Amino acid sequence: MELDTHATLSVAPMMDWTDRHCRAFHRVMSRRTLLYTEMVTAAALVRGGAVHLLDFDAAEHPVALQLGGSDPLELARATALAVERGYAEVNLNVGCPSDRVQSGHFGAVLMEQPDLVARCVAEMINAAGDVPVTVKCRIGVDDQTPEEVLPDFLARIRDAGVRRVTVHARKAWLQGLSPKENRDIPPLDYELVYRMATAFPDLHLSINGGITTLDEVAGHLRHMKGVMVGRAAYHDPAAILMRADTRIFGAESDPCPTRHDAVLAMVPHIEAHLDAGGKLGQVTRHMLGTFAGQPGARGWRRTLSEGATRPGAGIDVLHEALSCVTEAAA
Ligand SMILES: Cc1cc2nc3c(=O)[nH]c(=O)nc-3n(C[C@H](O)[C@H](O)[C@H](O)COP(=O)(O)O)c2cc1C
């Protein structure tokens, strides 16, 4: 299947959340959904030598690395490292509003510098060979007029060779809002993003922001080539991912018919992690939302979160937590 087709549905890059254990869990529920890493800065890879940040398991594929940075040559070097490691895609973050990121002069502030972004992606594309280079952006920042800046931004990066873009359908306000507030307070403008999809038929555009159910995903897909889901996929992964392969991708079956199956499908990953000296909670913290809204969900969460902190906590904690939930069919 083409990567663009996988990008019909993707799980957003989320710092501290979409690490390799989270991605392993999402992957057991959907074989097709495109998964993104947390943002990794190009500087950490190139200047800091922190190439371990690129570690991932082939079972997570297709997986896209998200980079942060604004130095074209540094981004190109980081892209080359990512391609060498086998990532299916390299994405540039033009949406993060955190102070740390602003002082490094990348993320959402780059919405104000489309020329620089175009140079960055051009160098990344040079370094990427056949691997696609994509961008995740906002509709604008601060007092910009999205209706004007967004089409200009998209045209510049398209002219630099980008073919796929995800648009978080709200502005980032760079002063006075925390990153968390910047994901909720600036209003969503889906219509503007739909208009971009019509104006740029040569781009594969995905819409992101505030999408919480698979029905909503299907609704957006009437206007867009792709939909990216962030928080909802983390907090209630089964609701977004467990039926995605059949409903969104037209597969004949989904890999895990029930939430129980999804949990059990994680046992080999967890055992390998424990054998390698890892801690149970490093994996299971991403699984707390598995039974969101189902009978026994609280018992599951409590047993799993408390049990995982016990010294030497093993796979038995997972089975103990599973016994709290009665869900048979999702
Ligand atoms: C905990 C957390 C961390 C995030 N980290 C990143 C990141 O590293 N890179 C990025 O482009 N967006 C990041 N985001 C933003 C999401 O990718 C997404 O754009 C945003 O949450 C809106 O989508 P949603 O409403 O579906 O969650 C993060 C969001 C959350 C909740």
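1. Lys-136 sits in strand β5 (residues 133–138); strands (E, at least two residues) and helices (H or I, at least four) are DSSP runs numbered from the N terminus. The model is a predicted one, in which local features need pLDDT of at least 70 and side-chain atom pairs count only at pLDDT 80 or more, while totals for chains, interfaces and linings use all residues. Residues are numbered from 1 along each chain as its sequence is written.

2. Lys-136 counts as buried because it has 26 C-beta neighbours inside 10 Å. The class is buried at 20 or more other C-beta atoms within 10 Å, exposed at 12 or fewer, and partly exposed in between, with C-beta atoms placed from the backbone. Beyond its neighbours within four places in sequence, Lys-136 is in contact with Gln-66, Asn-91, Asn-93, Val-94, Gly-95, Thr-166 and His-168; contact requires C-beta atoms, placed from the backbone, within 7 Å.

3. UniProt, in an unreviewed entry, lists Lys-136 under "binding site", together with Pro-13, Met-14, Met-15, Gln-66, His-168, Asn-208, Gly-209, Gly-210, Gly-230 and Arg-231. The unreviewed entry also places "domain: DUS-like FMN-binding" at residues 11–317. UniProt positions follow the numbering used here, feature names are shortened, and annotations may be inferred rather than shown by experiment. Over residues 11–317 the chain is 42% helix and 13% strand, with the end C-alpha atoms 27 Å apart.

4. Met-14, also in the UniProt "binding site" list, is found in the loop between β1 (9–11) and α2 (20–29). Met-14 counts as partly exposed because it has 18 C-beta neighbours inside 10 Å. Leaving aside neighbours within four places in sequence, its contacts are Glu-38, Gly-230 and Tyr-234.

5. The ligand is surrounded by 23 residues, the closest being Ala-12, Met-14, Met-39, Gly-230 and Arg-231; a residue is near a molecule if its C-beta atom, placed from the backbone, lies within 6 Å of it. Strand β2 (34–41) and helix α10 (231–235) each supply at least two residues of this shell.

6. The largest nonpolar core has 99 residues, and Val-90, Val-121, Met-124, Ile-157, Val-167 and Val-229 have the most contacts inside it. Such a core is a set of buried Ala, Val, Leu, Ile, Met, Phe, Trp, Tyr and Cys residues joined through C-beta atoms within 7 Å. Helix α6 (residues 114–128) gives the most to this core, with seven residues. The core lies between domain 1 (3–247) and domain 2 (259–322), because both give residues to it; the domain bounds come from an automatic or database assignment.

Definitions and conventions: Two residues are in contact if their C-beta atoms, placed from the backbone, lie within 7 Å.
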